[in-house]
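Here are my notes on the two-chain model you sent over, point by point. Have the coordinates open while you read.

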Amino acid sequence: VFPSNYVHNGYTRAVNKDAESLLPLPAATFHILVALTGEDRHGYAILKEVSAQTDGSVKLSAATLYRSIERMLEQGLIREVTPRAPRNSEDERRRYYRITALGRAAAMAEARRLTRLLVLARASGLA
Amino acid sequence: MRVYRWLLHLYPAAFRADYADEMVAIVRMRLGEVSRPARIVVWIAVIVEVIVNAPSVHWDMLKQDLRYTFRSLLRSRGFAATVILVIALGVGANTAAFSVADFVLLRPLAFPDPDSLVRICEGPRTGGGWGCNNQLSPANYRDLKAMSRSFAALGAFASDAVNLVGGGEPRRIAVTPVTPEVMPLLGVSPLLGRVFVPGAGDANAAVISYGLWQSQFAGNAAILGNTINLNGLPYTVIGVMPAQFSFPIRDVQLWTLLTFREQDLANRNNSYIEAVGRLQPGVTFEQARAELVTLADQLAREYPDTNEDTGVSFFRMRDNMSPRFRLMLLSLVGASVSLLLLTCANLANLLLARAAARKREMAVRAALGAAKHRLARQLATEHVVLALVGGAVGVVLAMLVVPLFSTLVPPTLPIAARPELDWRVLALAGMFTCLTALGLGLWPTLRDAGFSALREGARAGGGQKQRIRAVLVTVEVTISVLLLITSGLLIRAVWRVQSVPPGFVAEHAITLRTALSRPEYASPLRRTEYFRRVLGEVRRLPGVQAAGFTSGLPVVVTGLVTGVEIAGQDARSQRNNAVSHRWITPQYFQAMGIQLRRGRDVEDRDTRDAAWVAVVSQSFVDRYWPGEEPIGKTLRHRGQLRTVVGVVGDVRVRGLERTSEPQLYLPAEQIPDGFPANFDPKDLVVRHSGQDEALVAAVRKIVRSVDPNQPISDVRTLQDILAGETATRSAQLQVLAVLATVAVLLAAIGIYGLLAYTVSQRAQEIGVRLALGAKPATVGRMIFGDGMRLALLGIVPGVLAAYAAGRAMNALLFGIAPSDPPTFVVAVGVTLLITFLGSLIPALRAVRVSPMSVLRAE
């Protein structure tokens with residue numbers, strides 16, 4: 001009666017999903033993607049990087065960070081990686097994240113969207 | 001930091017497992033970055049953040065799980081539909097049955113402190129019976145009230161019906177005359193105006209019900225002080241009761257003042273009232289009963305002539321219902337609890353099967369890195385969604401079914417006729433199914449799938465789980481046998497009741513009531529004139545074969561019991577000598593189809609000037625003159641000597657299920673002067689061969705032409721009246737039959753599911769057996785034998801339980817033995833047949849297993 005022999009591939013979304021459909025990205029997500037563009041980082045490093053890139057004006061909390069990470073993993077924007085050369089034993093225990101092709105595409109799409117908005121605002125004399 | 005870790009429990013377990021350590025590390029570093037006083041600020045920020053953030057993480061996950069659930073259930077639509085249906089049936093049936101039971105048996109009446117409200121009537125000294133056995137006489141009431149110490153207040157009421165003229169159409173309405181104590185002791189204040197006050201001259205005052213105020217007076221707020229006309233007398237409306245007030249039963253629309261004159265108190269046999277009281281605080285029901293019994297003994301000693309056999313029947317207002325209603329409801333509740341158990345067993349079975357089927361899926365997902373917590377949460381979501389959808393469908397079912405239960409509400413209680421859906425019961429049933437779904441769906445998955453079963457390959461399903469499922473199927477069979485047999489017994493009982501000859505012919509006869517009000521029709525000549533004119537014109541209508549009036553239709557009016565004296569026979573203890581008597585016009589027997597066995601009918605010549613006569617029933621003859629010629633014998637009724645001129649067949653005056661007193665029929669014209677109006681002939685019976693509606697319209701026109709102010713009420717056919725006799729039983733039976741059918745179907749599905757699953761799991765084994773030369777027939781028999789074994793294992797306890805249940809509801813069986821062989825044989829046969837069908841398909845499938853394809857798959 002009940003199919004006993006089907007296998008199915010879990011619930012990660014298909015990675016080829018159109019990045020456009022994720023727009024607009026939440027601010028935290030965009031910051032995290034930007035922070036991960038250069039290199040793989042663990043959570044605390046992401047916070048530091050975001051803070052440095054924005055001259056300390058954006059301070060993500062731990063809660064926001066990990067809720068975003070959980071969702072971004074689910075959406076396939078980032079993935080977890082094993083660091084190639086852990087600097088010390090504490091780093092070894094940490095989870096490192098890397099931006100995916102979809103994540104890059106989504107960040108670029110978001111940047112384009114923001115640029116268009118900026119052009120619009122300038123043309124109207126708002127900026 | 002420990003506080004922070006503890007706070008992190010607000011997050012889903014899977015999330016916590018992944019990120020808790022890192023979050024703790026980050027918070028620790030952040031605290032390290034700031035100066036000591038600033039740490040407080042960081043702490044507050046961190047706590048607020050967790051509290052706000054955790055629910056959104058839950059929500060993220062729920063959305064994800066719901067998406068997945070939706071996809072997964074869509075893939076296995078059959079499974080989802082079955083589970084939803086099973087849950088809906090369980091929740092629906094239980095909510096409906098418990099709602100009605102709670103409404104009738106448990107819910108407090110709509111009076112303040114309803115538990116201390118009691119009623120007193122007369123009853124046998126030996127006790128026994130239910131409700132009001134015999135009404136009280138005003139003299140006995142007066143003495144009980146004066147002598148008792150158990151009551152904070154005690155009042156009396158009678159029952160009456162009056163013709164209300166004014167407002168809309170003339171109407172016949174039920175009235176309860178009450179003493180001034182009654183309304184205050186019930187504790188409900190009027191919505192408008194006031195209730196009766198002693199000494200306020202309320203003899204011609206009326207308090208009306210909310211319903212009557214709305215229907216007859218359009219809710220007019222200026223109704224107070226208006227005059228209405230009751231039985232031709234003017235009454236002043238002094239109050240309107242609130243909508244939820246009803247006393248003593250829901251049909252009563254109007255209350256007048258009950259007072260006693262000297263002559264009312266003269267005779268202790270003159271019993272026409274009942275008492276209602278409120279217990280003194282601190283006095284228990286049993287203490288009050290004990291006191292009343294003592295007082296009744298005292299009265300019996302003081303007035304042996306009248307009170308020798310008179311005791312009290314004393315009961316809580318709540319309990320004024322036939323034990324049959326209680327038993328019917330309890331058996332319904334029992335049936336629906338059985339169905340709930342069966343539902344759970346079936347649900348467990350379905351979910352176990354599915355868990356086994358998904359073992360491999362879970363194993364693969366676990367191997368791909370899904371956290372155990374996450375998978376569990378996912379499964380839980382799936383089951384809760386199923387339970388909620390099933391529950392919602394169940395609620396809709398219950399809402400549809402509950403109004404149909406109105407015939408199960410006894411008419412003797414002051415509660416609404418229509419039970420409402422009970423939300424507390426609904427919540428309980430919903431919770432129960434949710435827990436079953438969750439517990440049974442999740443537990444086996446967590447326990448034995450272990451999410452690491454990849455190595456087991458396609459083969460799954462251990463022996464132990466199969467055993468659990470087999471036990472569950474056996475339980476299902478047991479319960480369905482139980483329900484089948486009990487509903488079978490009740491069906492037989494209904495048939496037996498329906499086959500009781502009522503003593504009259506119900507087909508092709510309509511009845512309606514025109515009760516003549518008293519000052520207008522006080523003169524017997526005026527009444528005779530009315531009957532002659534109405535009957536004369538009705539009999540001339542085309543298709544009418546006979547028409548006659550009686551003071552009360554059998555089954556409808558069960559009282560009108562009187563005593564007779566027979567020359568040469570002991571006249572003492574009149575109540576044990578009771579006969580049921582009716583004043584009738586000519587042609588009444590023909591109209592009712594009551595058989596005339598000897599002598600003659602009442603005729604037009606039986607006037608007040610002619611000899612006074614009587615017609616008696618066969619059982620009357622058997623009681624007083626066994627073996628003798630009854631025609632020409634004399635009897636004395638209320639002082640009048642009468643000659644018996646005819647004998648008719650017996651009628652079930654008290655209904656099909658009760659024994660009736662012998663019957664005495666007297667000519668309408670020979671009513672002695674000063675007789676109360678409720679003995680007047682008022683129910684018209686017309687036997688005809690045409691359309692009921694056309695005839696009713698024609699009769700209405702005739703009545704209106706004879707007396708335009710005469711209300712017409714209770715229009716129905718004799719068949720309706722008989723059907724009403726079994727309506728409650730039929731309603732209960734229909735519900736039970738549906739429950740039993742559902743139970744048998746579920747059991748069949750259970751057996752089929754289990755065997756089909758076994759066959760699919762054992763396909764390899766069967767293939768190997770076949771390849772090694774086993775005969776397909778042997779394999780088929782093996783599977784088939786499994787099914788029948790389960791059925792037999794379930795049938796035996798089912799039969800025993802059904803016998804016990806049958807004995808418990810013996811009172812409902814109307815003489816059918818709880819071990820009634822035909823019922824048992826048919827029920828067991830049906831169960832065997834259904835399980836046979838359930839095992840047939842899997843057995844055939846086993847026979848058709850192709851050894852080659854199975855072995856190749858390996």
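This is a predicted model: local features need pLDDT of at least 70, side-chain atom pairs count only at pLDDT 80 or more; totals for chains, interfaces and linings use all residues.

1. Start with Ala25(B), which sits in helix α2 of chain B; helices here are DSSP runs of H or I with at least four residues, strands are E runs of at least two, and both are numbered from the N terminus. Ala25(B) is buried, at a relative accessible area of 19%. The scale for that: buried is under 20% relative accessible area, exposed is over 50%, and partly exposed lies in between, with a 1.4 Å probe and protein chains only.

2. Residues are numbered from 1 along each chain as its sequence is written, chains are lettered from A and ligands numbered from 1 in the order in which they are written, and side-chain values use heavy atoms, with hydrogens and water left out.

3. Now the interface. Chain B puts 39 residues into the contact and chain A 32 residues, contact meaning heavy atoms within 4.5 Å. Together the two chains bury about 3300 Å², 57% of it on carbon and sulfur atoms; buried area is the accessible area (1.4 Å probe) that two parts lose on being put together, summed over both. On the chain B side, Tyr19(B), Glu22(B) and Ile26(B) lose the most area to chain A, together 18% of what that side buries.

4. What about polar links across the interface of chain B and chain A? There are 13 residue pairs in polar contact, both residues at pLDDT 80 or more. A polar contact is a pair of N or O atoms within 3.5 Å; within protein, one must be able to donate a hydrogen and the other to accept it, and residues adjacent in sequence count only if both atoms are side-chain atoms. The rule also finds five salt bridges across this interface, a salt bridge being a side-chain nitrogen of Lys or Arg within 4 Å of a carboxyl oxygen of Asp or Glu. In one salt bridge, the side chains of Asp18(B) and Arg95(A) meet at 3.3 Å, N to O. The elements giving two or more residues to the chain B side are α2 (13-33), α3 (39-75), α10 (323-367) and α19 (718-761) of chain B.

5. Ser338(B) is worth a look too, in helix α10 of chain B. Why does Ser338(B) count as buried? Because its relative accessibility is 12%. Its side chain reaches the backbone oxygen of Gly334(B) at 2.9 Å. Leaving aside residues up to four places away in sequence, Ser338(B) touches Ile479(B), Leu482(B) and Leu483(B).

6. Chain A has five helices and three strands, in the pattern α-β-α-α-β-α-β-α along the sequence. Of its 127 residues, 42% are buried. The three strands make an open sheet in the order β1-β3-β2 with antiparallel pairing, and two strands count as paired if DSSP finds at least two bridges between them. The edges are β1 (41-42) and β2 (78-81) of chain A, each pairing on one side only. Two bridges join β1(A) to β3 (residues 96-99) of chain A, and Arg41(A) stands opposite Tyr97(A).

7. Back in chain B, strand β1 (residues 117-124) has seven of its eight residues buried, so it is largely enclosed by the rest of the structure. Four antiparallel bridges join β1(B) to β10 (residues 274-279), where Arg119(B) partners Val276(B). Seven antiparallel bridges join β1(B) to β11 (residues 310-316), with Cys121(B) partnered by Ser313(B).

8. Four bridges join β19(B) to β20 (residues 640-648) in the antiparallel sense, and Thr634(B) stands opposite Thr643(B). The two strands form a hairpin with two residues between them, and Arg638(B) in the turn has a positive phi of about 50 degrees.
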